[in-house]
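Here is a short briefing to read alongside the model.

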Amino acid sequence: MPFLTICSNGTQNDANLAAEAAKLVGEMLHKPLNYVVADIRINPNMAFEGSTAKKGALIELKSIGFSDKAALARALTDLAAERLQLERRYINVRFVNLAADDVAVGGSLLG
C-alpha cells in the first residue's frame, strides 16, 4: 500500500510511467517505495460524456491515510494529463482510505 490505478483511453507511449507514478505517490504520502503499487491500464473504449473521442482517466488511489488530498489530486491530474495526453476536465480522481487491518503485504496484515 498505497495502491494506484490509472485507467485511461489516452495514449501510453512511456514504459516508465508506472514507476514514476509510484515514486510520486510514495513521496507525497511519505510512504516507502517498496510498499507502493502502480497500475496503468489503457482502454480505448472508455467513454467520457458518452464519447471515446474525449480523452480522460479514472484514477483511484487507495492508502492507509492521506495527507493533502488536494495536492495529490493536482499532482496526479498533472501527471496523467501530460504523460497520457488527456484533457484535464476528463480526469477524475477517487481516494479510498483503507484500514490497516484490511491490507496485507507479503501475506501479513499491516494492522
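**A covered strand and its sheet**

Strand S3 is mostly covered, with five of its seven residues buried; buried means under 20% relative accessible area, exposed over 50%, and partly exposed in between, using a 1.4 Å probe and protein chains only. Helices (H or I, at least four residues) and strands (E, at least two) are DSSP runs numbered from the N terminus. Please keep in mind that this is a predicted model, in which local features need pLDDT of at least 70, side-chain atom pairs count only at pLDDT 80 or more, and totals for chains, interfaces and linings use all residues. Residues are numbered from 1 along each chain as its sequence is written, and side-chain values use heavy atoms, leaving out hydrogens and water.

**How the strands are arranged**

- Four strands make an open sheet with mixed pairing, in the order S2-S1-S3-S4; two strands pair if DSSP finds at least two bridges between them.
- At the edges sit strand S2 (37-42) and S4, each of which pairs on one side only.
- From one strand to the next, the twist averages 10 degrees; axes are lines fitted to C-alpha atoms, for helices over the stretch in contact, and angles run from 0 to 180 degrees between N-to-C directions.
- Strand S1 (residues 3-8) pairs with S3 in the antiparallel sense over six bridges.
- Within that pairing, phenylalanine 3 has lysine 62 of S3 as its bridge partner, and leucine 4 stands opposite leucine 61 in S3.

- H2 lies across S1, S2, S3 and S4 and runs at about 140 degrees to S4.
- With 16 residues, H2 reaches 22 Å from its first C-alpha to its last, close to the 22 Å expected at 1.5 Å a residue; the expected span is 1.5 Å times one less than the number of residues.
- The buried residues of H2 include Ala71, Leu72, Ala75 and Leu76, and the buried residues of this helix pack against S1, H1, S2, S3 and S4.
- Which residues does leucine 79 touch, not counting residues up to four places away in sequence? They are Leu17, Ala21, Leu24 and Leu84, where contact means heavy atoms within 4.5 Å.
- Leucine 79 is in helix H2 and is buried, at 15% relative accessible area. Its C-alpha atom is separated by 9.2 Å from that of leucine 24, 55 residues apart along the chain.

**Two aromatic pairs**

- The structure holds two aromatic pairs. Rings of Phe, Tyr and Trp (its six-membered ring) pair if their centres lie within 6.5 Å; planes under 30 degrees apart count as stacked, over 60 as edge-to-face and the rest as tilted.
- Phenylalanine 48 and tyrosine 90 form a tilted pair, 6.0 Å centre to centre with 45 degrees between the planes.
- This pair links distant parts of the chain, 42 residues apart: phenylalanine 48 is in the loop between S2 and S3, and tyrosine 90 in the loop between H2 and S4. Both phenylalanine 48 and tyrosine 90 are buried.
- Phenylalanine 66 and phenylalanine 95 are edge-to-face because their ring centres are 5.3 Å apart and their planes are at 75 degrees.
- Phenylalanine 66 is buried at 18% relative accessible area, whereas phenylalanine 95 is partly exposed at 22%.

**Backbone points to check**

- Most residues other than glycine have a negative phi, and most peptide bonds are trans.
- The peptide bond from methionine 1 to proline 2 is cis, with omega near 5 degrees.
- Histidine 30 has a positive phi, near 55 degrees; this residue lies in the loop between H1 and S2 and is exposed, at 69% relative accessible area.
- Glutamine 85 also has a positive phi, about 55 degrees; glutamine 85 is in the loop between H2 and S4 and counts as exposed at 53% relative accessibility.
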